[in-house]
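I opened this notebook to keep track of what I looked up in one protein model. The entries go from the whole chain down to single residues.

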Amino acid sequence: MFTDINGGQQVHYHCSGEGKDVILLHGWGANIDAFSPVHRNLEQHFKVWSLDFPGFGKSPEPPEPWSVDDYTNMLEQFMKTHDIQRPILIGHSFGGRVSIRYASDRDVHKVILVDSAGIKPKRKLKNQVKVYSYKTSKALLNLPGLKSRKEDILANMKKKLGSTDYQNVSGVMQQTLVKVVNEDLRHYLPRIAVPTLLVWGEHDDATPVSDAKIMEEMIPDAGLVVLKGAGHYAYLDNLQEFLVILNHFLDKDKGARTSHE
């Protein structure tokens, strides 16, 4: 399904389930499929929304290079269009950036940051792009239904990595990436006033555990769980463990509707 935002920007999304609203926000270079096992788990007790950020998946690119604020404003308009109030935000990597920015001055119920970006990295931009691209392709191959097509997918990924993500043919998305990775969001962290769960991969080399510890210290009501042996896609690397932690954190919210609060 698609929603028009601000009179022209289309946003592709999938929604299922009933209950309190949960919004899943994917990482850079990914799409709504990356969160599909989490979506299926949550739709049993919640109304779950998965979005393709503009420029990813089936959502067209924005008309000009966007910042984190632009993506956050898009999310706000999406919620208004669908009458979503006080949602639970779950953001991975880049989706974590948008979650942090949104929750810093807008009304949410809870926040879950998974291997979230937001602390400005020390590495150069080119290396950042390669890390995100590689991690995305590797993690998506482990999704149910994709393993049998691994060779075909790898071949397609090589083409994609060579043109779109490494060299970033699209000037709009290249400039968007430059804007996004250069934004340090740590000054927004103390403004997040709701319970916040941080879940990180022990071996995350894109957004290291040291970033998570900064976030845990700066967000007033935050707790950190580090998943042993997992990388930047910790929720896929240790899926069952992640779902147990997630379900526990959201246990009291099951079956409730945000709009009734």
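**Entry 1: ground rules.** I noted that this is a predicted model, in which local features need pLDDT of at least 70, side-chain atom pairs count only at pLDDT 80 or more, and totals for chains, interfaces and linings use all residues. Residues are numbered from 1 along each chain as its sequence is written, and side-chain values use heavy atoms, with hydrogens and water left out.

**Entry 2: the whole protein.** I looked up the secondary structure and found nine helices and eight strands. Helices (H or I, at least four residues) and strands (E, at least two) are DSSP runs, numbered from the N terminus. Of the 261 residues, 54% are buried. Buried means under 20% relative accessible area, exposed means over 50%, and partly exposed is in between (1.4 Å probe, protein chains only). The protein exposes about 11600 Å², and carbon and sulfur atoms supply 48% of that area. These areas come from the Shrake-Rupley method with a 1.4 Å probe, and for residues only the protein chains shown count as cover. I also checked contacts, meaning heavy atoms within 4.5 Å. Among those between residues at least 6 apart in sequence, 72% join residues at least 24 apart.

**Entry 3: the cores.** Which residues touch the most other members of the largest nonpolar core? They are Ile-23, Leu-51, Tyr-71, Leu-75 and Met-215, in a core of 44 residues. Helix α2 (residues 68–81) gives the most to this core, with six residues. A second, separate core has 28 residues, including Leu-24, Val-114, Phe-242 and Leu-250. A nonpolar core here is a set of buried Ala, Val, Leu, Ile, Met, Phe, Trp, Tyr and Cys residues joined through side-chain atoms within 4.5 Å.

I then took Tyr-71 and left aside its neighbours within four places in sequence. Its contacts include Phe-53, Phe-56, Trp-66, Phe-94 and Met-173.

**Entry 4: helix α9.** In α9 (residues 239–249), I found Leu-239, Phe-242, Leu-243, Ile-245, Leu-246 and Phe-249 buried. Seen down the axis, these buried residues fall within an arc of 165°, so they line one face of the helix. The arc is that of the directions from the helix axis to the C-beta atoms. Gln-240, Val-244 and His-248, on the other side of α9, are exposed. The cover over the buried residues of α9 includes α1 (36–42), β5 (88–92) and β6 (110–114).

**Entry 5: strand β2.** Six of the eight residues of β2 (residues 9–16) are buried, so I wrote the strand down as mostly covered. Strand β1 (residues 2–5) runs antiparallel to β2, and four bridges join them. Asp-4 stands opposite Gln-10 in β2. On β4, β2 again pairs in the antiparallel sense, over four bridges, with Tyr-13 opposite Leu-51 in β4. Two strands pair if DSSP finds at least two bridges between them.

**Entry 6: salt bridges.** How many salt bridges does the structure hold? I counted eight, each a side-chain nitrogen of Lys or Arg within 4 Å of a carboxyl oxygen of Asp or Glu. Arg-106 and Glu-76 form one of them (3.4 Å, N to O). This pair links distant parts of the chain, with Arg-106 in the loop between α3 (94–105) and β6 and Glu-76 in helix α2, 30 residues apart. Arg-106 is buried, at 19% relative accessibility. The side chain of Arg-106 also meets that of Asp-105 in a salt bridge (2.9 Å, N to O), and Asp-105 is partly exposed at 44%. Asp-69, Glu-76, Arg-101, Asp-105 and Arg-106 are linked in a network of salt bridges.

**Entry 7: two single residues.** Val-209 lies in helix α7 (residues 209–218). Is Val-209 buried or exposed? At 15% relative accessibility, I put Val-209 down as buried. Beyond four places in sequence, Val-209 touches Trp-200, Gly-201, Glu-202 and Val-226. Ser-67 is in the loop between β4 (47–51) and α2 and is buried, also at 15%. Leaving out residues up to four places away in sequence, Ser-67 touches Lys-179 and Glu-183.
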